[in-house]
Amino acid sequence: MKESDAKAHLALALDYDDLVMATRMARHLGDYFDYVKVGLELYLSTGPESVGALCELGYKVFLDLKLHDIPNTVRRSARVVGGLGASLLTMHAFGGTAMLRAGVEGLMEGASEIGASIPMALGVTVLSSDGGAPKHVVPARIEAAALGGCMGYVCATEDVAEGKALRPDMFAVVAGIRPKGVDRNDQIRAATPEEAIRSGADMLVIGRAVTQAKDPILAAESILESVMEAG
Ligand code: C5P
């Protein structure tokens, strides 16, 4: 695939507790990623400012808060996220259809209040660090995400084929990406960028494989090339 298409498949996980570090990395890597992912660490340390600062750098922001609470709380929290201009928000699919639907509605409401383009709600199925979940859990959570109105889900690469067979129109995001030879850290169900693209994944979350690399630009360049070749 073309370089611009490959870039649209890639989200850089900015897992820092410091906005200066996060924006520095984001500035360096703008040629390789269309999306940056703000997770709990960055959001808890810097708050909504992180979303604004990264949007200003020209990124689409993926807010990975993995919401899981009663429907009313999730609706109201997701509405805040929609109002920040985030493009993607995660919720735990384990929370069930009513919670997910409330979150989707809140997210849309918040985005429409600021005139932002329609954001995407994603249901998190099973964490890629979890090697012990029984086989039926991922399809059940994808189904819950679909019934709750989510446009996509987060899963490990090995689950994408099943997800696409079940719900071909949903957007599949995979984490736990490790190019050959890179340390897996805590990711039990890791995959290479080529495997992820060939499995049909729509977005690859890339964290430590780039942010902890000796040369992050070189690491990002090589992942972008792998995606172009595999796509
Ligand atoms: O550094 P690494 O590539 O392992 O980072 C993966 C990122 O993706 C982390 O920010 C983590 O919170 C997130 N994530 C995950 N597994 C999921 C969903 C999100 O690892 N199922």
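The model is predicted, and local features need pLDDT of at least 70, while side-chain atom pairs count only at pLDDT 80 or more and totals for chains, interfaces and linings use all residues. Residues are numbered from 1 along each chain as its sequence is written, and side-chain values use heavy atoms, with hydrogens and water left out.

The secondary structure of the protein chain comes to 11 helices and eight strands, where helices (H or I, at least four residues) and strands (E, at least two) are DSSP runs numbered from the N terminus. The radius of gyration of the chain is 16 Å, close to the 17 Å that the globule rule gives for 231 residues, so the chain is as compact as a globular protein of that length. Here the radius of gyration is taken over C-alpha atoms, and the globule rule is 2.2 Å times the number of residues to the power 0.38. Along its principal axes, the C-alpha trace spans about 45 × 40 × 30 Å. Of the 231 residues, 51% are buried; buried means under 20% relative accessible area, exposed means over 50%, and partly exposed lies in between (1.4 Å probe, protein chains only). Among contacts (heavy atoms within 4.5 Å) with a separation of 6 or more, 68% involve residues 24 or more positions apart.

Next come the open spaces. Rolling a probe the size of a water molecule over the atoms shows where empty space is left. The search runs on a 1 Å grid over the protein atoms alone: a pocket is an open set of points where a 1.4 Å probe fits, with protein on both sides within 12 Å along at least five of seven lines, and lining residues have an atom within 4 Å of a point. Grid points are joined across faces, edges and corners, and a volume is the space filled by probe spheres set on the points.

The largest pocket has a volume of about 550 Å³. It is lined by 29 residues, and the closest to its centre are Lys 37, Asp 64, Lys 66, Ala 175 and Gln 187. At least two lining residues come from each of α3 (40–46), β3 (60–67), β6 (152–155) and β8 (203–206), and β3 gives the most, with three residues. By type, the lining divides into 14 nonpolar, seven polar and eight charged residues; Ala, Val, Leu, Ile, Met, Phe, Trp, Tyr, Cys and Pro count as nonpolar, Asp, Glu, Lys and Arg as charged, and the others, Gly among them, as polar.

The second largest pocket has a volume of about 160 Å³. Its lining includes Tyr 35, Leu 88, Ile 118, Phe 171 and Met 203. Nine of its lining residues are nonpolar, three are polar and none is charged.

Most residues other than glycine have a negative phi. Lys 66, however, has a positive phi of about 45° although it is not a glycine. Lys 66 is found in strand β3 and is partly exposed, with a relative accessible area of 28%. Asn 185 also has a positive phi, near 50°. This residue is found in the loop between β7 (171–174) and α9 (193–199), and with a relative accessible area of 41% Asn 185 is partly exposed.

What does Ala 78 touch, not counting residues up to four places away in sequence? Its partners are Leu 67, Leu 89, Gly 103, Gly 106 and Leu 107. Ala 78 lies in helix α5 (residues 71–84) and, at 0% relative accessibility, counts as buried. Ser 77 also lies in helix α5, but Ser 77 is partly exposed at 27%. Ser 77 and Leu 107 are 30 residues apart in sequence and 8.2 Å apart in space, C-alpha to C-alpha.

Ala 102 lies in helix α6 (residues 97–113) and is buried, at 2% relative accessibility. Leaving aside neighbours within four places in sequence, Ala 102 is in contact with Pro 71 and Arg 75. The C-alpha atoms of Ala 102 and Arg 75 are separated by 4.7 Å, although the two residues are 27 apart along the chain.
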